[in-house]
Amino acid sequence: MKLAEALMNRADCQKRIEQLKVRLNRSAKVQEGEHPPEEPKELFQELNDTLQELESLMIAFNRTNAQTVLHDRITLADALAKRDILAMRRTMIQEVINAAAVKQDRYSRSEVKFIPKVHIAEL
C-alpha cells in the first residue's frame, strides 16, 4: 500500500469513527415503545471493524516510522516526536507573548497598570 493511500484510509477511518459515534449516541436511548433509528449492536460491530482497521494502519505507520532512518541518523519516529515538542514549545511561547502584550485600557492614573514581566522581543 502506498503512503498516500494509507493516509487517505486513515482519514476515512477517523471520519467513519466520528460518524459512528454520532449515530450510536442517537440510537443509545429511545422513548418507551419506540425503536432506535439504527440497531446499536450493528453500529458497535461496524465501529469495532473500523477501529481494527485504524489500529492496523497506525501499527504500519509506527513500524515504518521506527525503521526509517533520516540523513542525520535519527528515525522518522524520533523526528516526528521532536517536531511535536517544537510545536508545543512554540505554542506555549506564543501564548506567553500574547498574555504579556497587554493593551492598556486605563482611563485615569488611579486605575491598575499592567507591565510585562517577560521580554517579548527576546521570546
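Analyst: Here is the serine first, then the chain around it.

This is a predicted model, where local features need pLDDT of at least 70, side-chain atom pairs count only at pLDDT 80 or more, and totals for chains, interfaces and linings use all residues. Residues are numbered from 1 along each chain as its sequence is written, and side-chain values use heavy atoms, without hydrogens and water.

Ser27 lies in helix H1, residues 3-27. Helices here are DSSP runs of H or I with at least four residues, strands are runs of E with at least two, and both are numbered from the N terminus. Ser27 has a relative accessible area of 4%, so it counts as buried. Buried means under 20% relative accessible area, exposed over 50%, and partly exposed in between, with a 1.4 Å probe and protein chains only.

What covers it? Beyond neighbours within four places in sequence, Ser27 is in contact with Pro36, Pro37, Glu38, Pro40 and Leu43. Contact means heavy atoms within 4.5 Å.

Now the chain. It has 3 helices and 0 strands, in the pattern α-α-α. Of its 123 residues, 14% count as buried. Ser27 belongs to that buried class. The radius of gyration is 25 Å, whereas a compact globule of 123 residues would have one near 14 Å. That radius is taken over C-alpha atoms, and the globule rule is 2.2 Å times the number of residues to the power 0.38. The C-alpha atoms fill a box of roughly 70 × 55 × 15 Å along the principal axes.

For contrast, take Val118, in the segment after helix H3 (76-100). Val118 is partly exposed, because its relative accessibility is 35%.
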